[in-house]
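Come along and check each entry against the picture.

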Amino acid sequence: MKAIRRFSVRPVLPEPLRPLGDLARNLRWSWHAETRDLFEAVDPDGWRRSGGDPVRLLGTVGARRLAALAGDRRFLSRLASAAGNLDRYLTGRRWYQGAGPGLPAAVAYFSPEFGITAALPQYSGGLGILAGDHLKAASDLGVPLIGVGLLYRHGYFTQSLSRDGWQQEHYPLLDPDELPLTLLRGTDGRPAVVSLALPGGRSLHARIWQAQVGRVPLLLLDSDADDNDRSGRDVTDRLYGGSSEHRLHQEMLLGIGGVRAVRAYCALTGHPEPEVFHTNEGHAGFLGLERIRELQNRGLDHGAALETVRAGTVFTTHTPVAAGIDRFERELVARHFGDGGEMPGVDVARILALGTEDYPGGEPALFNMAVMGLRLAQRANGVSTLHGCVSREMFAGLWPGFDPDEVPITSVTNGVHAPTWVAPEVFRLGAQRIGADRAEEALSVGSSPRWDAVADVPDTDIWELRRLLREHLVTEVRARLRRSWRQRGAGEAELGWIDGVLDPGVLTIGFARRVPSYKRLTLMLKDPDRLTRLLLHPEHPVQIVVAGKAHPADDGGKQLIRELVRFADDPRVRHRIVFLPDYGMAVAQRLYPGCDVWLNNPLRPLEACGTSGMKAALNGCLNLSVRDGWWDEWYDPDFGWSIPTADGEGVDEERRDDLEANALYELLEQRVAPRFYDRGADGLPGRWIEMVRQTLVRLGPRVVAGRMVREYVERLYAPAAAARRELDPAAAAELAGWKARVRESWPQVAVGHVETGAAGEPVGNTELGSTLTVSARVSLGGLTPGDVEVQVVSGRVAPLHGPEEPAEGDRIADPVTAALKPASGPDTEGLWLYEGPLALDRTGAFGCTVRILPAHRLLSSGAELGLMAVPPSGAAATAGVLMR
């Protein structure tokens, strides 16, 4: 019989056990070992059956067991200790409370997915895991963050394999009442609801569920409500699914509904209102429109409201390719805004202008969510140093005329939440050296000298730890592999070989991530015979554990998985290479610690950051990676290997894969495997152990999310809050009016005649250490000197070799800017004379030019408006001055 109605019956805990409910409802248990151990003690078998989920566990414990625990003095003592620890964690001063004045009272952090724990499956991959780690690190540091996302009824899919290795997707239905969530309710006890207007007079309503992530509330909007029609209830059905209009409704709910949810939460709880709004990718970009609407309702005009919103917004881009950005048809967006949709009375043309690709190479018919995100944020960043460079190139069209290095997109390299990803065995080793509290602080805050304590750990302890973690992984892999084969239709009688899969004494390589083509899951299969020889080498064998999901619509990615699975199914090698289906947090937390080497071989520079190798490194696993993402800036031969790349022009994709696969094989054959098996007289691989030690001591403090969040606070959140505070209504109106005046006058702003000279010296042959005087006559149109900055830009230029190279030869590299000052003007022609010194501080081919930029005290940079005036082409006869 099938139930026609489903209920969630929550347990009633005896009074002495009531703190268990508080501990279960705060997701800090997901990264706090003492609390997890306490729940396991409630019912060890039930804990395993629940997948380590306290809410599910407590729903299955019988009354007799609860009564026994309520009378168990030892258990109650442990419960009191864990409850007290949580209370101190939630109420005590942490890093943020001592970080100095001027920090924002609160920050709202929006993301389409959050990977907090496997018990709350609302994530698909790196973006969600990063968002979850951001919230957890903010909690550890005491940052007053509010997370905002959507509650997906099916979450992301679970993955299994068909008999022939084809990915199968399953979408389990999630019941919020069975998740570690509480419904936000109003003062009347009724659920708090946010509503959006849709075309055709329809409305979209959403309830607000709250997950408590340590000190950080996470608000998740759920459209599966009785007030919605069928299509409205399906808006939050699954992550990254549905039609273009379905995705638009999700992103409107996330951005616009998310702001309304934050306002409701703050009003009901007294939480400080956010001063800064952080958009994690473009999916939540509509939050800026809602905040503009709020300010216009308070009397600000559109321009002043826009400037106010920009000042307090941070935008993080996570993709290095245009294909990874959500783009909608302009007509679809226009239909959903203005009269008849959301924000009636707002000029739809202004909304569309925010996302229009009105730059060379853009598609004006599309509305680009990342472009809108950048236009609505005064501060933006990529997620690694290399990705910052790629992003500046990628979005340079929004700042025409500026070199990519001057595009106002910085970078904050991602980090990972160490308490979540460090194996308990690794933590215990650190705690033995410096104590549990200090070890926890080192993992949470980062950049702590306490990481140096690893330098004193004996080689035997490190090697025994690595062996133990490898052994745990082998046990886990065999259990999961057996379940996978049973799902594929195999009988128990034909699975005896699984007991011999993997060997705790063999060099173990891990490769696990999403499976888009650029991550090259099957690069290791480029030469199957060579890979087979590596796996079966008589003296230096390797074994490989692979996991990953392809997007449900990506048949190419599914084909890559099948190709890998078919190779791993071969009886000759199946004991040495394994594909584990359903890669997620639960798999990852076993996989990272148990591997000796973490492999990453994307097409450079298409990996924005790639944090899986960071999680592995925190457990003493060495990285073997293409120098992309974070590994490009932190690679060091003392603690890993770099796979050479063939990313130059003229190398086709097939040839590039051949070259880089060969480089990978050579590294494994000649350097990685021999070092692992190079044992000293004591039986230990001393050089390998030293690389593990260097990974922990030098790399560990850099890759933790505490370091990342501190950078966001100091470099982005605090300046954004300061900029927002400066923009009271009068200042916002003045800035908006000034920008309008500058844009209107800019076509008349021009650089005229430029002269460079030094007394007694020919311009083209000037000695090092000399100083030139630069003079420029400029037209300011209707502007004044207070509206602009006139700069001389100088630096090295490439020498000219022929008439076909003048453009490249004139380009200034590593430019240095200096302001020129008005010397006289305006003259009868309306021109101003600007002058200033130019110090010649380098030898070789040297060039200079003059440019004009808008200048205002409230701008974040001279490039903010994307306006620049330079001398007309051909204004100078030579590239600059040549120094000796």
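Which helix gives the most to the lining of the largest cavity? I looked it up: H17 does, with six residues.

**Ground rules.** I am working with a predicted model, where local features need pLDDT of at least 70, side-chain atom pairs count only at pLDDT 80 or more, and totals for chains, interfaces and linings use all residues. Residues are numbered from 1 along each chain as its sequence is written, and side-chain values use heavy atoms, with hydrogens and water left out.

**Entry: cavities.** Rolling a probe the size of a water molecule over the atoms shows where empty space is left. I noted that a cavity is a set of points, on a 1 Å grid over the protein atoms alone, where a 1.4 Å probe fits but cannot get out; its lining residues have an atom within 4 Å of a point. Grid points are joined across faces, edges and corners, and a volume is the space filled by probe spheres set on the points. My search of the whole structure turned up nine cavities of 30 Å³ or more.

**Entry: the largest cavity.** I found about 320 Å³ of space in the largest cavity. It has 23 lining residues, and Val-426, Gly-430, Leu-443, Trp-451 and Val-454 are the closest to its centre. At least two lining residues come from each of H17 (424-434), H18 (436-445), H19 (459-487) and H26 (686-703). Helices (H or I, at least four residues) and strands (E, at least two) are DSSP runs, numbered from the N terminus.

**Entry: the second largest cavity.** Its volume is about 90 Å³. I counted 13 lining residues, with Leu-481, Trp-485, Ala-568, Asp-569 and Phe-579 closest to the centre. H19, helix H21 (555-568) and strand S17 (577-580) each supply at least two residues of this lining.

**Entry: the sheet.** Two strands pair if DSSP finds at least two bridges between them. I then followed S19 (622-626), which four bridges join to S20. Leu-624 has Trp-641 in S20 as its bridge partner.

Conventions: On a 1 Å grid over the protein atoms alone, a cavity is a set of points where a 1.4 Å probe fits but cannot get out, and a pocket is an open set with protein on both sides within 12 Å along at least five of seven lines; lining residues have an atom within 4 Å of a point.
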